[in-house]
Amino acid sequence: AVSEGLGKVDELCKTAGMRYVGLSDGLTPEYLKTQDPLGPVFEEFLQVDQPPVDALVEKENPDVIVSDYASGAPFEISKEKNIPLVLNYPLPGTLAKRMRQLNIPFLGRVAPYVLESSMKNGISFINHRVMPVSNRTLSIVN
């Protein structure tokens, strides 16, 4: 499940022999292209996508959920419904390993303040949302 605003996903899915159904979350391609000075607004995307993802999971009752690390929408419902969650990290393994250090309380609190501003939203989201989930799921690092 991906925002309808990411129409390019449709072609990628067709190439892979899969069917794409975009989430009706109201996010337009234009909106998704705008860049916040603090980086991608993952937390905002989570809030917008949570209701349609929850409804989709309720309707489809999947055996497994595969999610990109940047989409936190299925994190809680997969836990509530005891559905296995596979988390995709599309980044180098060495970076994923270093990001796990954000679990160290001091580093997790200091990192957002010492990184360049365009990374702050992403680091905060990873620290508060992704890391707790990655400790309980299968993660694919590529």
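**Surface and burial**

I looked up the accessible surface of the protein: about 8,900 Å². Carbon and sulfur atoms account for 58% of that surface. I kept in mind that this is a predicted model. Next I checked burial. Of the 142 residues in the protein, 37% are buried.

**Confidence**

I then checked the pLDDT. The average for the protein is 76. A score of at least 70 is reached by 66% of the residues. By element, H4 has the highest mean, 92. Helix H6, residues 105-114, has the lowest, 63.

**Overall layout**

I counted 7 helices and 5 strands. Along the sequence I read the pattern as β-α-β-α-α-β-α-β-α-α-α-β. Residues 24 or more positions apart make up 51% of them.

**Nonpolar core**

Which residues have the most contacts inside the largest nonpolar core? I noted Val57, Tyr69, Phe75, Leu87, Tyr89 and Val130. This core holds 23 residues. As background, nonpolar side chains in soluble globular proteins tend to be buried together.

I followed Phe75 further. Setting aside residues up to four places away in sequence, Phe75 touches Ser67, Asp68, Tyr69, Leu85, Leu87, Arg129, Val130, Val133 and Arg136.

**Helix H3**

I went along H3, which spans residues 42-60. Its buried residues are Phe42, Phe45, Leu46, Asp49, Gln50, Pro52, Val53 and Val57. I found a kink of about 45° at Asp49, shortly before the proline Pro51. Just after H3, I noted that Asn61 takes a positive phi of about 45°.

I took Leu46 in helix H3 as one case. Its relative accessibility is 5%, so Leu46 counts as buried. Leaving out residues up to four places away in sequence, Leu46 touches Gly72, Ala73, Phe125 and Arg129. I also checked Leu46 against Pro74. They are 28 residues apart along the chain, and their C-alpha atoms are separated by 8.9 Å.

**Gln50**

Is Gln50 buried or exposed? I read 18% relative accessibility for Gln50, and the cut-off for buried is under 20%, so Gln50 counts as buried. What does the side chain of Gln50 reach? I found a polar atom of this side chain 2.7 Å from the backbone oxygen of Ala73. Apart from residues up to four places away in sequence, Gln50 touches Gly72 and Ala73. Leu46 has Gly72 and Ala73 among its contacts too.

**Ser78**

I finished in helix H4, with Ser78. Ser78 is at 1% relative accessibility and therefore counts as buried. A polar atom of its side chain lies 2.9 Å from the backbone oxygen of Phe75. Beyond its neighbours within four places in sequence, Ser78 is in contact with Ile65, Ile83, Leu85 and Arg136.

Note on methods: Residues are numbered from 1 along each chain as its sequence is written. This is a predicted model: local features need pLDDT of at least 70, side-chain atom pairs count only at pLDDT 80 or more; totals for chains, interfaces and linings use all residues. Side-chain values use heavy atoms; hydrogens and water are left out. Helices (H or I, at least four residues) and strands (E, at least two) are DSSP runs, numbered from the N terminus. Buried means under 20% relative accessible area, exposed over 50%, partly exposed in between (1.4 Å probe, protein chains only). A polar contact is a pair of N or O atoms within 3.5 Å; within protein, one must be able to donate a hydrogen and the other to accept it, and residues adjacent in sequence count only if both atoms are side-chain atoms. Contact means heavy atoms within 4.5 Å. A nonpolar core is a set of buried Ala, Val, Leu, Ile, Met, Phe, Trp, Tyr and Cys residues joined through side-chain atoms within 4.5 Å. Accessible areas come from the Shrake-Rupley method with a 1.4 Å probe; for residues, only the protein chains shown count as cover. The bend at a residue is the angle between axes fitted to the seven residues ending there and the seven starting there. pLDDT is the predictor's confidence in each residue, from 0 to 100.
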